Amino acid sequence: MALTRSDSMDQEEGTFESFLMKAIKITVVVTLYWFISITMVFLNKYLLDSPALKLDAPLFVTFYQCFVTVILCLCISVFARLCPGYVQFPSVRFDPKISRGVLPLSIVFIGMITFNNLCLKYVGVAFYNVGRSLTTVFNVLMSYLILKQTTSFHALLCCGMIIGGFWLGVDQEGAEGSLSWSGILFGVLASLCVSLNAIVTKKVIPIVDGSIWRLTYYNNINACVLFIPLIAILGEFQTVFYFDKLDSLHFWGMMTLGGVFGFAIGYVTGLQIKFTSPLTHNVSGTAKACVQTVIAVTYYDSIKSVLWWTSNLMVLGGSSAYTWVKGMEMRKTQEEPQIKTVTAKNDSGV
């Protein structure tokens with residue numbers, strides 16, 4: 001039966017409304033990801049290096065954020081059991097065997113979040129993205145050393161641009177007198193741990209039946225236990241005990257909020273990938289880093305040189321180009337079997 005003109009118009013309106021709703025959802029999710037990610041960086045900078053707080057206990061801050069994540073996982077799991085129609089969340093009951101299986105990842109995870117926070121403590125928010133920019137380079141290096149995966153020449157060129165931007169940024173921070181070699185070292189170590197975390201996660205995640213949330217739960221429980229001796233060795237318990245704002249509701253509120261945002265970033269990251277794609281998520285992350293840098297320079301009333309901005313553009317440009325190259329390579333890999341199948345059918349006369 002042929003469609004009438006009215007039916008055709010109704011169909012077009014329905015398609016437009018569907019497209020509009022999808023666009024609105026994507027916009028909301030991306031905005032939420034940007035807001036939580038950028039806010040979390042500024043919030044952690046306040047907790048780690050604020051002249052108003054003067055709390056020199058970065059491991060304790062990180063430990064508390066892991067503790068908040070564990071509590072949130074337990075609370076949401078209980079709520080999901082009580083209201084299954086409203087919330088989807090896996091059951092999280094502690095199993096020592098699973099905890100031991102996740103332990104190798106937890107050690108890398110501790111390094112990742114600790115070095116991230118230490119980097120943020122010693123460098124400015126504006127330089128934070130450049131300080132941690134070698135993650136992509138370490139991804140290529142670790143993939144070759146551990147997984148024996150080679151990388152294309154074009155992708156290596158993108159890595160070269162990132163390394164160039166990193167060193168130019170270090171040079172310009174030094175020229176401005178704001179360079180912290182401790183911050184740079186922690187940034188490099190954080191980048192290495194982020195890369196290792198992605199690789200080890202792939203090996204460990206079958207232990208928790210492929211559930212990211214169960215992995216988050218066990219990772220943070222292990223981290224809380226492992227942080228305690230580290231905090232004791234570095235004397236941070238004494239620092240916290242004599243901290244003059246230990247009874248401040250504002251302080252504990254900001255600490256808890258940091259933990260909530262740390263938990264939320266995992267959720268909105270998954271949400272952004274779900275509503276867009278891994279490639280779009282990487283592009284969004286790069287754009288977010290650019291906006292975050294501009295906000296930081298404006299907020300702290302900094303004046304940066306042309307070469308400093310060039311270093312940021314090189315890092316962001318190299319990261320975007322790497323994402324695009326890998327996306328094209330993945331698409332080509334997916335298309336090749338289809339082309340071979342069609343060719344085989346044509347040759348057989350089917």
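1. At 38% relative accessibility, Asp 49 counts as partly exposed, the classes being buried under 20% relative accessible area, exposed over 50% and partly exposed in between, with a 1.4 Å probe and protein chains only. Its salt-bridge partner is Lys 45, with the closest N and O atoms 3.3 Å apart; a salt bridge here is a side-chain nitrogen of Lys or Arg within 4 Å of a carboxyl oxygen of Asp or Glu. Lys 45, at 10% relative accessibility, counts as buried.

2. The model is predicted: local features need pLDDT of at least 70, side-chain atom pairs count only at pLDDT 80 or more, and totals for chains, interfaces and linings use all residues. Residues are numbered from 1 along each chain as its sequence is written, and side-chain values use heavy atoms, leaving out hydrogens and water.

3. The secondary structure consists of twelve helices and zero strands, where helices (H or I, at least four residues) and strands (E, at least two) are DSSP runs numbered from the N terminus. Of the 350 residues, 42% count as buried. Among contacts with a separation of 6 or more, 83% come from residues 24 or more positions apart, contact meaning heavy atoms within 4.5 Å. The protein exposes about 19600 Å², and carbon and sulfur atoms supply 67% of that area; accessible areas come from the Shrake-Rupley method with a 1.4 Å probe, and for residues only the protein chains shown count as cover.

4. The salt-bridge count comes to seven. One of them joins Lys 245 to Asp 244, with the closest N and O atoms 3.7 Å apart; Lys 245 is partly exposed at 27% relative accessibility, whereas Asp 244 is exposed at 59%. Another links Glu 329 and Lys 326 at 3.6 Å between the closest N and O atoms. These two are three residues apart in helix α12, so about one helical turn lies between them. Glu 329 is partly exposed, with a relative accessible area of 26%, and Lys 326 is likewise partly exposed at 26%. Salt bridges with shared partners also join Glu 173, Glu 176 and Lys 304 into one network.

5. Helix α10 covers residues 249-275, and its 27 residues should span 39 Å; the end C-alpha atoms are 37 Å apart, which agrees. The expected span is 1.5 Å times one less than the number of residues. Its buried residues include Phe 251, Met 254, Met 255, Gly 258, Gly 259 and Phe 261. At the start of α10, a side-chain oxygen of Ser 248 comes to within 3.3 Å of the backbone nitrogen of His 250.

6. Asp 209 has a positive phi of about 60° and sits in the loop between α7 (181-204) and α8 (212-233); it is exposed, at 65% relative accessible area. Asp 301 has a positive phi of about 55° in the loop between α11 (278-299) and α12 (306-348), and is exposed at 67%. Most residues other than glycine have a negative phi.

7. Asn 312 lies in helix α12 and is buried, with a relative accessible area of 5%. Apart from neighbours within four places in sequence, Asn 312 contacts Ala 126, Val 130 and Thr 293.

Key: Polar contact = N/O pair within 3.5 Å; in protein donor to acceptor, adjacent residues only side chain to side chain.
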